[in-house]
Amino acid sequence: MTYARIAGIGSYLPEKVLSNADLEEMMDTSDEWIRERTGIKRRHIAADDETTASIALNAAQRAMEMAGVTADELDLIVVGTCTPDKVIPAAACIVQRRLGSVGCPAVDINAACSGFIYGLDYANRYLRTGGGKTALVIGAETLSRITNWDDRTTAVLFGDGAGAAVLQASDKPGILATHIHSNGEYEDLLQTRNGVSLGFDASCTPGAYIEMNGNAVFKRAVATFDSMARETVADLDGHLEDIDWFIPHQANMRIITAAAKKLGMPMERVIATVDEHANTSAASIPLAMDLAVREGRIKRGDKILMAAFGAGFTWGSAMLEF
Ligand code: UT7
């Protein structure tokens, strides 16, 4: 049996840090409100000369170094992002060029915060069915570029960052199951009002920014995390107790805590980085995993359940043995 196994993981955070205290200077908010309602203390913001592709590249290089893989060995590059550098070409192609990889398919997936899980699902199917031996899956975002800094209800929530995983075909267990879903019925609850085909006129720039009905998204997110975790575990004839680590999408500490509680998962087995990174959309799960691996908390052989939820709505989970 061929598995897609994570051979290396890496991440990158821009140097600039924006604390809650900094935001207090910029808008009518408080460190206390942000921490109580979201658990967020600070977020990283891309420098002017950084883009989604450039930070994705940094994360990819770290993951490839851990995996001991060179650019010419890559058979697939997927970037989960809703903030690509340009409309065309894909951020994945820009990363591919800068890595010095030629010829393998390189594509972006826009599944908002679920982009990394969608990428894992794609790469898992690709490697298992003999499409190649090595895949690079990245989640990278520069959400600061579509954040409305005049809207305190969203501006405090987001950050920039990138995380990457190198997957290799292996006879040792790796990804055990993935499930991805979406429901476009919820388009209006979390969106940018304008876009490419709807128009990018500079006079309506605020339409390019993220808008969210926070309450409605919150409720839906908690319920969905619970159902998708159960779906994945049931598919494997397993039990939630078999999971060593739960890595949920990092949007809000209250969502993470509520999801863990519903699942009966003790917080010691939940990886939470939302306090330091805020919501980095598709980057949040690989960023959190990389941190936990490099801190020595997640070890080879550990069973990990990942679950994400985002605009669309999209949602998805992956169960894997590291
Ligand atoms: O990654 C994709 C998924 N995204 C999410 O999962 C985000 C889901 N939603 C959330 O995390 C939460 O709904 C928020 C953190 C966005 C908001 O928390 P909430 O507990 O739902 O607060 P609220 O929207 O009900 O706002 C409560 C109050 C309001 O004031 P009034 O109307 O009660 O007087 C807001 O105006 O807090 C006010 N408020 C703020 N106050 C200080 C909203 N934003 C801020 C702010 N600072 N930044």
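Let's start with helix H3, residues 52-67. H3 has 16 residues and reaches 22 Å from its first C-alpha to its last, close to the 22 Å expected at 1.5 Å a residue. That expected span is 1.5 Å times one less than the number of residues. Helices here are DSSP runs of H or I with at least four residues, strands are runs of E with at least two, and both are numbered from the N terminus.

A word on the source. This is a predicted model, where local features need pLDDT of at least 70, side-chain atom pairs count only at pLDDT 80 or more, and totals for chains, interfaces and linings use all residues. Residues are numbered from 1 along each chain as its sequence is written, and side-chain values use heavy atoms, with hydrogens and water left out.

Back to H3. Which residues of H3 are buried? They are Thr52, Ala53, Ser54, Ile55, Ala56, Leu57, Ala59, Ala60, Ala63, Met64 and Ala67. Buried means under 20% relative accessible area, exposed means over 50%, and partly exposed is in between, using a 1.4 Å probe and protein chains only. What covers the buried residues of H3? The cover includes strand E1 (3-12), helix H4 (91-99), strand E6 (134-142) and strand E7 (160-170). Just after H3 comes glycine 68, with a positive phi of about 70°.

One general point. An α-helix has 3.6 residues a turn, so residues three or four places apart point the same way.

Next, helix H5, residues 115-128. H5 has 14 residues and spans 20 Å between its first and last C-alpha, close to the 20 Å expected. H5 is mostly covered, with ten of its 14 residues buried. Among them are Phe116, Ile117, Tyr118 and Leu120. Asp121 and Asn124 are buried too. Glycine 130 follows H5, and its phi is positive, near 85°.

Alanine 112 sits in the loop between strand E5 (106-109) and H5. Its phi is near 50°, a positive value in a residue other than glycine. Alanine 112 has a relative accessible area of 7%, so it counts as buried. Alanine 278 also has a positive phi, near 60°. You'll find alanine 278 in the loop between helix H9 (274-277) and helix H10 (284-294). Its relative accessibility is 0%, so alanine 278 is buried.

Now the loop between strand E4 (76-80) and H4, where threonine 81 is found. Is threonine 81 buried or exposed? Threonine 81 is buried, because its relative accessibility is 2%. Its side chain reaches the backbone nitrogen of threonine 83 at 3.0 Å. That is a polar contact: a pair of N or O atoms within 3.5 Å; within protein, one must be able to donate a hydrogen and the other to accept it, and residues adjacent in sequence count only if both atoms are side-chain atoms. Leaving out residues up to four places away in sequence, threonine 81 touches several others, including Thr52, Asp108 and Ala282. Touching, or contact, means heavy atoms within 4.5 Å.

Proline 89 lies in that loop between E4 and H4 as well. The peptide bond from isoleucine 88 to proline 89 is cis, with omega near -5°. Another cis bond joins glycine 312 and phenylalanine 313, with omega about -5°. Phenylalanine 313 lies in the loop between strand E12 (303-310) and strand E13 (314-321).

On to the ligand. How many residues surround the ligand? There are 23, and the closest are Thr29, Arg37, Asn215, Asn252 and Asn279. The side chain of threonine 29 has an N or O atom 2.6 Å from a ligand nitrogen. A polar side-chain atom of arginine 37 lies 2.9 Å from a ligand oxygen. Arginine 152 places a polar backbone atom 2.9 Å from a ligand nitrogen.

Which element gives the largest share of the shell around the ligand? H7 does, with four residues.

Aspartate 226 lies in helix H7. At 13% relative accessibility, aspartate 226 is buried. Neighbours within four places aside, aspartate 226 is in contact with Lys262 and Leu263.

Terms used
A residue is near a molecule or strand if one of its heavy atoms lies within 4 Å of it.
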